[in-house]
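Please look at the sequence and the structure first.

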Amino acid sequence: MKVLVTGSTGNIGYYVVEELLKRDVKVKAAVTSLDKGKKIFANLQVELTALDFLKQETFSRALEGVSKIFLMRPPHLAKPKNDILPFLQDAKKMGVEQIVFVSLLGVEKNPVVPHRKIEVFIRELGFQYTFLRPSFFMQNLNTTHQDDILLRDELFMPVGKAKTSFVDTRDIAEVAAVCLTEEGHSNQAYTLTGGEAINYYKVASIMSEVLGRKITYKNPGIFKFRRSLIQRGTPKEFANVMTMLYTMTKLGTAQTVTGTVEKLLNRKPITFRQYVESHRNYFQK
């Protein structure tokens with residue numbers, strides 16, 4: 001068995017690579033830059049392959065010899081029929097059997113988001129599938145929102161007092177590895193959350209305690225949030241997706257807590273405080 005891991009240098013994919021290697025699985029790590037990939041995976045036994053979802057000529061080499069795929073949607077790609085479907089069609093032609101796809105919490109109730117359309121494509125093409133529907137990643141804070149915290153000591157998202165059941169991407173990755181290597185997970189959809197739901201005032205409080213400086217939750221309005229994202233250089237389509245997701249969160253859609261991570265991994269999910277403690281270097285000035 002060989003697994004193609006897309007988004008392999010990202011905050012889920014890298015951990016998926018590690019978890020699969022622990023299980024002695026052959027890994028083909030898809031990267032946008034082979035030079036960057038060689039540096040990131042210098043100490044890991046992986047096969048590197050260049051993959052660009054917008055360049056069909058990269059598909060056949062990436063898919064060669066692969067029986068399973070861990071699929072991440074690149075966040076800047078918002079038109080799945082053009083961006084992802086051609087890749088999935090080629091994967092089917094080349095004999096890929098199973099896809100584990102990182103989807104979105106509540107996607108079954110939201111036909112508008114790209115993740116929902118990708119789920120439909122995977123089903124219609126006849127793959128064995130496992131859809132992972134995680135709540136908001138804890139690691140969004142040290143990636144998407146890092147500058148807000150590092151440079152401005154603030155959390156800048158329009159969520160009000162709504163709670164979010166944050167999940168650590170390391171837990172998502174381990175669940176993905178389980179689904180790719182163990183029986184009983186075909187044609188399943190798993191909602192993945194942390195062990196509790198907290199609001200952003202609590203997030204700011206925990207981060208302030210761990211980091212030793214005041215982090216403030218700003219709670220801007222929806223339109224100010226979107227406008228500020230675009231002014232700070234976020235592509236308009238990505239800003240629209242983020243605004244939509246946070247609007248849904250404000251309405252309470254991200255507060256669900258499930259026991260799925262604990263059930264699949266036989267341990268408690270990583271807590272938000274544990275996440276901040278292990279990632280404090282991302283937020284140190």
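E154 and R152 meet through their side chains in a salt bridge, with N and O 3.8 Å apart; a salt bridge here is a side-chain nitrogen of Lys or Arg within 4 Å of a carboxyl oxygen of Asp or Glu. The model is predicted: local features need pLDDT of at least 70, side-chain atom pairs count only at pLDDT 80 or more, and totals for chains, interfaces and linings use all residues. Residues are numbered from 1 along each chain as its sequence is written, and side-chain values use heavy atoms, with hydrogens and water left out.

**Salt bridges**

- E154 counts as buried at 9% relative accessibility, where buried means under 20% relative accessible area, exposed over 50% and partly exposed in between (1.4 Å probe, protein chains only).
- R152 counts as partly exposed, at 36% relative accessibility.
- R133 forms a salt bridge with E108, and the closest N and O atoms are 3.3 Å apart.
- This pair links distant parts of the chain, since R133 is in strand β6 and E108 is in the loop between β5 and α6 (114–125), 25 residues apart; helices (H or I, at least four residues) and strands (E, at least two) are DSSP runs, numbered from the N terminus.
- R133 is buried, with a relative accessible area of 9%, whereas E108 is partly exposed at 38% relative accessibility.
- R133 also meets E119 in a salt bridge, at 2.8 Å from N to O.

- Seven strands form an open sheet with parallel pairing, in the order β3-β2-β1-β4-β5-β6-β9; two strands pair if DSSP finds at least two bridges between them.
- The edges are β3 (47–50) and β9 (188–192), each with a single partner strand, so one side of each has no neighbour in the sheet.
- Neighbouring strands of this sheet are turned by 20° against each other on average, direction ignored; axes are lines fitted to C-alpha atoms, for helices over the stretch in contact, and angles run from 0 to 180 degrees between N-to-C directions.
- Strands β4 (residues 68–71) and β5 (residues 98–102) run parallel and are joined by four bridges.
- In β5, I99 stands opposite I69.
- Strands β5 and β6 also run parallel, joined by five bridges.
- The bridge partner of I99 in β6 is Y129.
- Of the seven residues of β6, six are buried, and the strand is mostly covered.

**Helices on the sheet**

- Helix α8 (residues 169–181) lies across β1, β4, β5, β6 (128–134) and β9, and runs at about 165° to β6; contact means heavy atoms within 4.5 Å.

**Aromatic pairs**

- The count of aromatic pairs comes to 14; rings of Phe, Tyr and Trp (its six-membered ring) pair if their centres lie within 6.5 Å, and planes under 30 degrees apart count as stacked, over 60 as edge-to-face and the rest as tilted.
- F59 and F87 form an edge-to-face pair, because their ring centres are 5.3 Å apart and their planes stand at 80°.
- F59 lies in helix α3 (residues 59–63) and F87 in helix α5 (residues 85–93), so the pair ties together parts that are 28 residues apart in sequence.
- F59 is buried with a relative accessible area of 1%, and F87 is buried with a relative accessible area of 0%.
- Y201 and Y217 are also edge-to-face, because their ring centres are 4.7 Å apart and their planes are at 75°.
- Y201 lies in helix α9 (residues 200–211) and Y217 in strand β11 (residues 216–217), so this pair ties together parts that are 16 residues apart in sequence.
- Y201 is partly exposed, at a relative accessible area of 40%, while Y217 is buried, at 7%.
- One aromatic cluster is formed by F166, Y200, Y201, Y217, F272 and Y275.

**Charges over rings**

- R232 has its charged end over the ring of F156, 4.7 Å from the ring centre; a charge sits over a ring if NZ of Lys or CZ of Arg is within 6 Å of the ring centre and within 35 degrees of the ring normal.
- K92 lies over the face of F127, at 5.2 Å from the ring centre.
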